[in-house]
Amino acid sequence: MDRPRAHIAAIGTAVPDHDIHAAFIAWAEAQLGERERPLFARMAQRSGIAHRWSVLPRAADGGSPVEPGGFYAGTMPTTAARMALYADAAPALALRAIADLGERVALAGITHLVVASCTGFVAPGIDQIIAARLGLGGHVERTLVGFMGCYAAVSALRVAHHIARSDRAARVLVVTVELSSLHLRPVTQLEPLLAMLQFGDGAAAALVTAEPSGLPLTRFFAATLPGSDDLIRWTIGDHGFVMHLSGEVPGRIGQALIDPAVRAAITGGRDATAIARWAVHAGGRSILDAVEHGLGLDTDALQPSRAILQRFGNMSSATLMFVLADMLAEGRVGDGAAGEGVALAFGPGLAAEGFGFGHPA
């Protein structure tokens, strides 16, 4: 008997209500010298980002976290202090995304919980905290996908895909939650400040089942670019997690997409321009440009991803879920949309991971 196809029944999303994008730009410019400050300002203007949201509380006078009385005012908080905030704020934001999901689809009878997050650690794990607050029984099977970075939503959905295909009765709750704003660092170099310019906080939740409704999941793929492991690094420091995002990343992605083997893995051997729907992780404007040019796509092919980048910035693993959520809401994917699309994300490795979605034309 053929295995059933897994479907994303619906996706819910949530972001905090504290927009820190403009405040960060002002703070970052103050860290730079006179020669680099105009360049940073131009890059910020061209970033394609208008808003980024943070779980960090406002300062005493209502100002940003870098102002007097804010989380980052004075001495930079230790990693321990940041993780204490993560343990409280990450489950709370995840539960908001799950509540949004619950307004779109019934969540009774959850059998499995898969949680992805790379911006914090806590034990008992965030998966256990979420399960307890949802009142899920101890029989619910949990999987925690940790520290994989921006493509972790693909990994989490892949786990759910395999579960749903092997158990027709499974109802898998998939959650991605990232609090990137917990990891501000007082640096004076242009490259790390440009990296921090991209990131914001967000959470998403999806229900994956074998029921033939919603967004069908097809083939999953993975491709690691050789000799690129130094381009994206995420290490744990005494004052937060230290992100290294090389300016070479977009160029390397563009080069990789010319490689026939990498290209075939992503497109399934099809002409990229014949694929009508692309859900690409909004890692930054230059990364989206590299994908667009590398695959020879039309200028509007990645508009769903650019819209998410503009409204929320790069929310690490949650970002791809936001793109898919928008596409589902607009009817651009799902049972009514003909032609299989491709979801694609990049992360540490440098690796490209993704999957096909929708029905073949």
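**Ser 180 and its setting in the fold**

Ser 180 lies in the loop that runs between strand E6 (171-179) and helix H6 (190-196). The structure is a predicted model, and its protein contains 11 helices and 13 strands. With a radius of gyration of 20 Å, close to the 21 Å that the globule rule gives for 361 residues, the protein is as compact as a globular protein of that length.

**Surroundings of Ser 180**

- Ser 180 has a relative accessible area of 12%, and because this is under the 20% limit for a buried residue, Ser 180 counts as buried.
- Leaving aside residues up to four places away in sequence, Ser 180 touches Thr 119, Phe 199, Gly 200 and Asp 201.

**Overall dimensions and packing**

- Taken along the principal axes, the box filled by the C-alpha atoms of the protein is roughly 65 × 50 × 35 Å.
- Of the 361 residues in the protein, 58% are buried, and Ser 180 is one of the buried residues.
- Among contacts in the protein with a separation of 6 or more, 78% are made by residues 24 or more positions apart.

Technical notes
Residues numbered from 1 in each chain as written. Predicted model: local features only at pLDDT ≥ 70, side-chain atom pairs only at ≥ 80, totals over all residues. Heavy atoms only, no water. Helix = DSSP H or I, 4+ residues; strand = E, 2+ residues; numbered from the N terminus. Rg over C-alpha atoms; globule rule 2.2 N^0.38 Å. Buried < 20%, exposed > 50% of the residue type's maximum accessible area, 1.4 Å probe, protein only. Contact = heavy atoms within 4.5 Å.
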